[in-house]
Amino acid sequence: QVHLVESGGGLVQAGGSLTLSCAASGRTFSTWTMAWFRQAPGKEREFVAHISWTSGNAYYAEPVKGRFTISRDNAKNTVSLQMNTLKPEDTAVYYCAADPRPISLYDTSSSPYGYWGQGTQVTVSS
């Protein structure tokens with residue numbers, strides 16, 4: 001059974017940085033696509049970034065491009081999200097998602113992902 005566990009959330013002032021981590025277990029993730037989504041109160045879940053497990057190619061949502069960096073460690077089965085220059089509008093619960101099927105890097109919908117973590121809260125104060 002696949003488990004995704006996020007960590008690293010917290011409270012930070014605007015302009016600050018946080019690094020989220022997602023530890024994956026239960027399978028060999030060598031060919032999986034891993035992603036980060038977020039959901040703010042009263043809003044729908046939205047795509048943040050994803051990365052191909054094998055090629056390392058990444059794709060970002062426009063609001064975070066240039067500020068966030070997604071990376072993965074195949075040996076440790078972890079994917080991270082380095083978040084810099086945080087803004088109050090980045091406040092949300094951040095979710096790690098994964099799926100073994102091929103997912104286009106330009107597909108930003110949540111539906112292809114069959115596995116989700118429990119989420120970690122990120123709060124950015126102004």
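**Exercise 1. In what order do the four strands of the open sheet run, and with which pairing?**

The model is predicted: local features need pLDDT of at least 70, side-chain atom pairs count only at pLDDT 80 or more, and totals for chains, interfaces and linings use all residues. Residues are numbered from 1 along each chain as its sequence is written, and side-chain values use heavy atoms, without hydrogens and water.

Step 1. The order is β1-β3-β8-β7, with antiparallel pairing. Strands are DSSP runs (E, at least two residues), numbered from the N terminus. Two of them pair if DSSP finds at least two bridges between them.

Step 2. Find the edges: β1 (3-7) and β7 (68-73) each pair on one side only.

Step 3. Check one pairing. β3 (residues 18-25) and β8 (residues 78-83) share six bridges, in the antiparallel sense. Ala23 stands opposite Thr78 in β8.

**Exercise 2. Classify the ring pairs that Phe37 forms with Tyr113 and Trp116.**

Step 1. Apply the cut-offs. Rings of Phe, Tyr and Trp (its six-membered ring) pair if their centres lie within 6.5 Å; planes under 30 degrees apart are stacked, over 60 edge-to-face, the rest tilted.

Step 2. Phe37 and Tyr113 lie 5.5 Å centre to centre with 70 degrees between the planes, so the pair is edge-to-face.

Step 3. Phe37 is in strand β4 and Trp116 in strand β10, 79 residues apart.

**Exercise 3. Is Trp116 buried or partly exposed?**

Buried means under 20% relative accessible area, exposed over 50%, partly exposed in between (1.4 Å probe, protein chains only). Trp116 has 28%, so Trp116 is partly exposed. Phe37, at 1%, is buried.
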